[in-house]
Amino acid sequence: MSSSMESVSLQNIAPGQHAAVRKAHGDMSGNWKTHLTTPRATLLETSHLKKSYHRGQVEIQVLNDVNLQIKENDWTSIVGQSGSGKSTLLHLLGTLDAPDQGAIHFEGNRIDDLPSRSRDILRNRHFGMIFQFYHLLPELNTLENVLTPLMISSGVLSYWLQKRHYTDRAKALLEHVGLGHRMKHLPRELSGGEMQRAAIARSLIAEPRVLLADEPTGNLDRKTGDDILEILRTLNRRENLTIVMVTHDDAVAGQADRIVRLAEGRVQEIT
Ligand code: ADP
Ligand code: MG
């Protein structure tokens, strides 16, 4: 873990939702009594989710009856073999795709059947996402990549009016993930671990309520992967960020507070 990760707190960067959550539930150094006595809200909930794909005449049933509750401030791992439907489930949670049957609620509101424009807005405002292959835009530098969600969601005029403020926030986030010295680098000039740090900073720029992570260490060596997991741990513990992470790797899954296994289209609680 870099020293910048230790010294810079998101508290200074993204006071909106994070501070509100901290106030309601206490933090690591704060009021444990409050933390323990306040029932935590369910942030995301799936009920009886089904999803299949069709290849010609063949139907591939991927999710059969997925019932899952994600509580605020939790770090949940969903572990399962390759092909078990982890990415499919994460895409449904993030409204990138819609289920065939069942429902998904976010803060009590149904989200799986929203029109696509509303889903885009919801996703931009409330969901941060990171992926195994980072999905950075190759022609933009690190700082510009981190700013892209705000460029998309703000509109041109609003973005330019707030550019200084947004840029300061993006720089602080990059410092936070230990990438302050790589702001002007293009993705091809970064290591895998650095690209994932940039992707994490990008996922946080709009102050999301939940981070959805699809095999975030899947393309990294063990040590680099551990550094990324440490960043996620810090975000969860210190900033109370809710995280849902899918992985095929039991050791990676074991880093979370709660592990569920996805197999044969259903989830089963492990811890
Ligand atoms: P995981 O992320 O756990 O490896 P996925 O959710 O990517 O699994 O895929 C689950 C199953 O669905 C796999 O058998 C995969 O081949 C199939 N699948 C995924 N996406 C599609 C698609 N767009 N069309 C057809 N089959 C798909
Ligand atoms: Mg996958």
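Tutor: Let's go through the confidence, the ligand shell and then some helix packing.

Student: Okay, what is the mean pLDDT of the chain?

Tutor: This is a predicted model, and the mean pLDDT of its chain is 88. Of the residues, 86% reach 70 or more.

Student: Where is the pLDDT below 50?

Tutor: Over residues 1-35. That stretch still has 54 contacts in the model beyond near neighbours in sequence.

Student: Good to know. Switching to the ligand: which residues surround ligand 1?

Tutor: Y53, R55, I60 and V62 are among them, together with G80.

Student: Now the helices. How do helix 6 and helix 9 cross?

Tutor: Helix 6 covers residues 142-154 and helix 9 covers residues 192-204; their axes come within 7 Å and cross at roughly 30 degrees. Angles under 35 degrees count as roughly parallel, so helix 6 is roughly parallel to helix 9. Helix 6 passes helix 9 in a right-handed crossing.

Student: Which residues meet there?

Tutor: On the helix 6 side you have T142, N145, V146, T148 and P149, and from helix 9 come A198, A201 and R202. By class, this contact of helix 6 with helix 9 has 4 nonpolar, 3 polar and 1 charged residues.

Student: What angle do helix 6 and helix 8 pack at?

Tutor: About 120 degrees, with the axes of helix 6 and helix 8 (residues 163-176) 10 Å apart. Helix 6 and helix 8 are therefore oblique to each other, and their crossing is right-handed.

Student: Who makes that contact?

Tutor: Helix 6 brings T142, L143, V146, L147 and L150, while helix 8 brings Y166, T167, A170, K171, L173 and L174. In the contact of helix 6 with helix 8, 8 residues are nonpolar, 2 are polar and 1 is charged.

Student: One more pair: are helix 9 and helix 10 parallel or oblique, roughly?

Tutor: Their axes come within 9 Å and cross at roughly 15 degrees, helix 10 being residues 222-239. Helix 9 and helix 10 are therefore roughly parallel to each other. The crossing of helix 9 and helix 10 is right-handed.

Student: And which residues of helix 9 and helix 10 meet?

Tutor: G192, G193, Q196 and I200 in helix 9 meet T224, D227, I228 and I231 in helix 10. That contact of helix 9 with helix 10 divides into 4 polar, 3 nonpolar and 1 charged.

How values were computed. Residues are numbered from 1 along each chain as its sequence is written. Chains are lettered from A and ligands numbered from 1 in the order in which they are written. This is a predicted model: local features need pLDDT of at least 70, side-chain atom pairs count only at pLDDT 80 or more; totals for chains, interfaces and linings use all residues. Axes are lines fitted to C-alpha atoms, for helices over the stretch in contact, and angles run from 0 to 180 degrees between N-to-C directions. Helices (H or I, at least four residues) and strands (E, at least two) are DSSP runs, numbered from the N terminus. Angles under 35 degrees count as roughly parallel, over 145 as roughly antiparallel, 65 to 115 as roughly perpendicular and the rest as oblique. A crossing is left-handed if the near helix is turned anticlockwise from the far one by less than a right angle, and right-handed if clockwise. Two residues are in contact if their C-beta atoms, placed from the backbone, lie within 7 Å. Ala, Val, Leu, Ile, Met, Phe, Trp, Tyr, Cys and Pro count as nonpolar, Asp, Glu, Lys and Arg as charged, and the others, Gly among them, as polar. A residue is near a molecule or strand if its C-beta atom, placed from the backbone, lies within 6 Å of it. pLDDT is the predictor's confidence in each residue, from 0 to 100.
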